[in-house]
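The points are grouped by topic.

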Amino acid sequence: MKKAWLGTSVSAALAITLAAGSAHAQIKVGVSVSATGPAASLGIPEKNTFALLPKEIAGQKVQYIVLDDATDSTTAVKNARKLVSEEKVDLLIGSTAVPGSLAMSDVAAESGTPMISMAASASLVEPVDAKRRWIFKTPQNDSHMATAIIAHMADAGVKSVAFIGFSDAYGEGWYREFSKLAELRKIKIVANERFARPDTSVTGQVLKIVSANPDAVLIAGAGTPAALPQKTLKERGYKGKIYQTHGVANNDFLRVCGKDCEGTFLPAGPLLVAEQLPDSNPVKRSAMAYRSAYEKAYGVGSISTFGGHAWDAGMLLGAAAPQALKKAKPGTPEFRLALRDGIEAIKNLPVSQGIVNMSPTDHVGFDQRARVMVEIVNGKWKLLGAAQ
C-alpha cells in the first residue's frame with residue numbers, strides 16, 4: 001500500500017507519514033535491562049537471551065530494541081519513555097531489578113503499553129488494579145519463594161532468625177512477606193538489618209546479627225552484592241544456617257562468594273538444576289530447551305536463571321501475539337490492548353521456570369512447580385527436592 005502512495009502528491013506523502021506513525025510493519029519490543037551496574041550479573045544473561053528469541057511470530061517480523069539502564073531506576077524510566085514515545089513499541093520488557101521495574105510500570109500504565117518485568121517483587125503485579133492490569137512478570141513472587149524458605153527452616157528446627165536485605169523495594173518486599181510467614185511458623189526474628197547494593201562493608205550490621213545469636217540468617221539480596229553479608233558473617237565466625245533468595249541463582253554469585261557459600265540454602269526456579277530434575281517433572285523439557293539454546297550460543301556452563309526470565313518473557317509474547325494480530329495491527333493502541341488481553345489469557349504454557357496459568361487476578365501464573373530448594377555443595381547447585 002505504501003508503494004502505491006509514493007510519488008502521487010505531497011498530501012499523500014504526509015498521509016504515509018501519519019500512517020507510519022500509527023502502525024508498524026512489525027511487532028516492536030522495547031527492552032530496558034541492567035547490563036551494567038550492581039545488577040549486571042543478572043542483566044547480562046538477560047541481554048544475551050534477547051538475541052536468541054524468535055525474529056518472527058505468526059508471519060510477523062519482531063524487532064527487539066534493547067537499552068541499558070545501568071541498574072538505575074531514573075535511567076530505566078527514561079528508557080521506557082523513549083521506547084514508548086519515540087520507538088512506539090508494542091510491548092515493554094524490563095527491568096532487571098525491582099526499583100527500575102516499578103519506575104517503568106508507571107510509563108506502561110500511562111501509555112497503555114503491556115509490560116513484562118524480569119524482577120521478582122510481588123508488589124509489581126499485586127493487586128491487579130487499574131495500573132497493574134498492564135503489568136506482568138516472569139520471576140516467581142518473593143512470597144512464593146519465602147514459603148519455601150520458611151518450610152525448610154521449620155523442618156530444620158530453626159527457632160530464631162536474623163534478616164539482612166537490600167535497602168530498597170527488593171529487601172522491603174522480602175521482609176514483608178518473610179516476617180508474616182515467620183510469625184505463622186513461630187520463628188522469632190531477632191534482627192532486621194539493611195544494606196545498599198553498592199555498599200562495600202556491612203560489618204556494623206553483621207556484628208548486631210552475630211550478637212543476637214540466631215539459628216539462621218536470611219540474606220535478601222540479588223546478584224553478587226548479596227555475597228557481602230555472607231562473607232562478613234563467615235569472617236565474624238557465624239556458625240548457623242545461612243539462606244539466600246532466588247536473587248543469587250547464578251554462577252557469578254558462586255564465583256564471588258567462593259567457599260563462604262558452602263552449605264547455603266535457597267529457593268530457585270527449576271531451570272537452575274534442570275539436568276537434575278526427574279524426567280517426569282513437567283518443567284524439565286522447557287527448561288532444558290532454553291538451556292540448550294543458551295549454551296549453544298554462549299558456551300557450556302554459561303546458563304543463568306536470570307536469562308530464563310528474559311526467555312520466558314519472549315515465550316509469553318509468542319503465545320499471545322498470534323491472537324492479537326487477528327484483532328489489530330502492530331503499532332496501534334488496539335494491538336497493545338489485544339496483546340495485554342492475550343498475555344492475561346495464557347493457560348498451561350510450559351516455560352523455563354514453570355507452567356504459566358495467567359488470570360485477571362494473577363499476572364505471574366506460577367504454582368509450586370515453579371520452585372525447588374537448592375543447597376550449594378562443592379561450589380555447585382544441588383537439588384534438594386521440590387518445595388511445598
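In this predicted model, helix α8 (residues 203-212) and helix α9 (residues 227-235) have axes that come within 10 Å and cross at roughly 55 degrees. An angle between 35 and 65 degrees falls in the oblique class, and α8 and α9 are therefore oblique to each other. Two further helix pairs, the domain layout and some backbone details follow.

**Helices α8 and α9**

- The crossing in which α8 passes α9 is right-handed.
- On the α8 side the contact is made by T203, V206, I209 and V210, and on the α9 side by P229, T232 and L233.
- Sorted by class, the residues in the contact of α8 with α9 are five nonpolar and two polar, with no charged residues.

**Helices α3 and α12**

- Helix α3 (residues 40-50) meets helix α12 (residues 305-327), their axes coming within 7 Å and crossing at roughly 40 degrees.
- That angle makes α3 oblique to α12.
- The α3 and α12 crossing is right-handed.
- From α3, the residues L42, P45, E46, T49 and F50 take part in the contact, and from α12 the residues F306, G307, A310 and W311.
- The contact of α3 with α12 holds six nonpolar, two polar and one charged residues by class.

**Helices α4 and α5**

- Helix α4 (residues 73-85) packs with helix α5 (residues 98-111) at an angle of about 25 degrees, and the two axes are 8 Å apart.
- Since angles under 35 degrees count as roughly parallel, α4 and α5 are therefore roughly parallel to each other.
- In passing α5, α4 makes a right-handed crossing.
- The α4 residues that make the contact are S73, A76, V77, A80, R81 and V84.
- Their partners on α5 are P99, G100, A103, M104, V107, E110 and S111.
- The residues of the contact of α4 with α5 comprise eight nonpolar, three polar and two charged.

**Domains**

- The domain assignment of the chain gives domain 1 as 27-140 + 287-366 and domain 2 as 142-268.
- Between the C-alpha centres of domain 1 and domain 2 the distance is 28 Å.
- At the boundary between them, 17 residues of domain 1 are in contact with 19 residues of domain 2.
- UniProt, in an unreviewed entry, lists residues 26-372 as "domain: Leucine-binding protein".
- Over residues 26-372 the chain is 41% helix and 18% strand.
- The end C-alpha atoms of that stretch are 38 Å apart.

**Backbone details**

- S95 sits in the loop between β4 (91-94) and α5.
- The peptide bond from E126 to P127 is also cis, with omega near -10 degrees.
- P127 belongs to the loop between β5 (115-117) and β6 (135-137).
- K88, a residue other than glycine, has a positive phi, near 50 degrees.
- The loop that holds K88 runs between α4 and β4.

Definitions and conventions: Residues numbered from 1 in each chain as written. Predicted model: local features only at pLDDT ≥ 70, side-chain atom pairs only at ≥ 80, totals over all residues. Heavy atoms only, no water. Axes fitted to C-alpha atoms, helices over the stretch in contact; angles between N-to-C directions. Helix = DSSP H or I, 4+ residues; strand = E, 2+ residues; numbered from the N terminus. Parallel < 35°, antiparallel > 145°, perpendicular 65-115°, else oblique. Left-handed = near helix turned anticlockwise from the far one by under 90°. Contact = heavy atoms within 4.5 Å. Nonpolar A, V, L, I, M, F, W, Y, C, P; charged D, E, K, R; others polar. UniProt positions renumbered as here; feature names shortened; annotations may be inferred. Domains from an automatic or database assignment.
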